[in-house]
Amino acid sequence: MSKKSGLRRLWRWLKTIAFLSMAFILFGSWYLHHLTRSIELRFEQSQKWKVPSKVYSDAEYLYPGIDLANKNIKAKLNRLGYRDMGLKITGPGDYAFTKTGLEIHLHDFDYPAEKFTGFPIRLDLSKNIVAKITNLATGEELSTVKLEPELVAPVFSDEMEDRTLVTLKDVPEHLIEAVILIEDERFFRHKGVDPIGIMRAAVKDLFAMKIVQGGSTLTQQLVKNYFLHNKKTITRKINEALLAMILEHRHSKAEILEAYLNEIYLGQRGRSSVMGVGEAARLYFAKNIDQLALGEAALLAGLIKSPSEYSPFKNKEKSRARRDFILDKMYDEELISARELADAKGENIVTPERPLQVVKAPYFIDFVKEQIGTLYTPEILTSEGLRIFTTLDMTAQIAAEAAVSDGLKKIETTYAASLPKDHKDPLQGALISIQPQTGFIRALVGGRDFETSQYNHITLSHRQSGSSFKPFTYLTAFDPKRSKKPFAPSSFIDDTSFKVRAGGEDWSPSNYDKKEHGKVTLRKALEESYNIATAKLAIEAGLDNIVETARDIGITSDLLAVPSIALGAFEVTPLELAAAYTVFPNGGIRAEPISIINIADKDGQVLEKRSIEMKRVFDAGPVYLTTNVLKGVLDRGTGAAARSMGFKGIAAGKTGTTSDYRDAWFAGFTPSLVTLTWVGYDDNAITNMSGSRAALPIWTNFMKSYAGNQQEDFASPKDVILVKIDPKSGQLATKNCPETSFEPFIEDTEPNEPCELHPAPGVLKRIFGK
């Protein structure tokens, strides 16, 4: 080979090497720019993480005189993340039942436009009644306190990550020291990648013949979690190292540490991942991050290695051993004193009750999301940490869900022979409960099982209301300003069959018992739900007037002024009907149903606020007369089974059964609660079930569990008077009347003639001249 050809070959090799080197440099420069750009696009944005919006229940007010018997206060505190400390509270988020009452150290809570700082209280109890509330920090006697709203559901993005963002100044120094010590003790001495740490880990792994220590720095862990994936590949490790060095070059150690503390995975809450120390402090200790004790901080730091293995929910002994190992290391490094070490090791590991259900009240949440979806995009709802405060009472909601579920199972077991054979779809049920003084929806169960059907029967289903519509016929009749002729509960009507021309054809109602009952009072006709009498009453009071009443109380569905309107022949939604019933406990004032109270951003600024909407739509007198009669439905009529089932509270209501047994209803109310239940099939199949058999037991069980046997009665308006009458004649009672009763009348409509069936002696003398 000539010298000249050798030089040419060498020159070609040099050019190739130079080209490859240049290409490598150019590619490397481009790739580093690409990695840097990815950091700029994500990490250097003002919003680094998607923070889900959160839907909360209403707050729970406690005050002297309140009966906690139906509040299930222990379960409430557990759901709120309080820790049962036995006999003595020690700090924020604790509760304890003492010999004389209940002590609670209230949580801090950011209400819209108000930051509440928790403090310890004592509730002195006399049986289940709160006798006195005391601020244990000041000794001050309090007139009221409130337990913070419950988290009902987060509105997640696809990542299903839950976090509470914290700043470095929020995090206790001991937690920062523990995390750095156990995860990257050379954090402040390396530039993103730590060769010394890698070598030390390799040596330990070699001697142990297994991987016992990783070589990744805290910065590398952040990069892996934030920018990359968990799959172990050479490419990922190279990218991890490069990104870590770029991140360290562009950002301070404080920024990196703060991001790490917000990004690190620390466990599960149902199907959602708990990310960051802020949310983990709430999950494991029911505390804000700045309230953690030394032992709790060490335990939290110890979870980073393996949240599942060291979770105090799963294995307290393993969790304690890991905590104590970290505390010992902190002592060895002179980060804590011997006294602090002993005290921290002596801390009991007390966790709140672990939440099993991430999304509670799913039908209600869907209803809320439907409303806020018109105000905010899905991107905003899943990323900007909005806080939606609702009217829901979780104690009521849990009772409602249990009542519907248990009630439907009991129907299918007890009345299996009555239900259609081999029906492909399950029997459905629904319940809504409204506070009439505000319109607040306290509980909403839209169906049997949200997992199998998301159809919300309360808000979407249009069904015939049957006899549950009848009270509006009587309400019309009792109003002297609306009815074509005056009526009172003691007025008589003829319950005998008749035929009327309506809609171009003959129509004749019949009673459920297939009997006629002759001359009956309106009270009796409504208590026993007589169809014939009610239809006659509708005609005499005026069909157009009944339509007007329905519109005034908020029924917006299609209605026609035909006789069958009195029997609930037209379809309404359960929400419509429940809202209409609020006029009864409110004395003629209709409450517009509300599910959202306000919406705040992550900083607590109120973005939306819903006002309570109350409107007088009826005079109080006729409303009270109707309510008075509806009390008899429960005491003597078609709803009397509620009494035999053990419900003893003062209440009124009406069963509802459609003429072909496709829908079963019960709408009932106390002075402070309106609750409606419905049972039926989605395909409108015949159930062969009446309202008293299917819907009433569900209502009763809910009311027994949540409302209890309250004895507050309905207030009588000033223009209603009680008059002693003879029930057989409807006239003023005399001394000769063998049976008398007091009946309510609107003033100036009461009878003024004495009983002709049992006249007094003076009357006899006038009649017969003797």
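This chat covers a helix pair and a sheet in a predicted model.

Reader: What are the ground rules here?
Author: The model is predicted: local features need pLDDT of at least 70, side-chain atom pairs count only at pLDDT 80 or more, and totals for chains, interfaces and linings use all residues. Residues are numbered from 1 along each chain as its sequence is written, and side-chain values use heavy atoms, leaving out hydrogens and water.

Reader: How do α8 and α9 cross?
Author: The axes of α8 (residues 276-285) and α9 (residues 294-303) come within 11 Å and cross at roughly 115°. That makes α8 roughly perpendicular to α9 (65 to 115 degrees counts as such). Helices are DSSP runs of H or I, at least four residues; strands are E, at least two. Axes are lines fitted to C-alpha atoms, for helices over the stretch in contact, with angles from 0 to 180 degrees between N-to-C directions.

Reader: Which residues make the contact?
Author: Val277, Ala280, Ala281, Tyr284 and Phe285 of α8 meet Glu296, Leu299, Leu300 and Leu303 of α9 (heavy atoms within 4.5 Å).

Reader: New topic. What is the strand order in the open sheet?
Author: β12-β1-β16-β26-β27, with mixed pairing. Strands pair if DSSP finds at least two bridges between them.

Reader: Which strands stand at the edges?
Author: β12 (151-155) and β27 (606-609). Each has a single partner strand, so one side of each is left without a neighbour in the sheet.

Reader: How many bridges join β16 to β26?
Author: Four, and the two strands run antiparallel. Thr390 stands opposite Ile596 in β26.

Conventions. Parallel < 35°, antiparallel > 145°, perpendicular 65-115°, else oblique.
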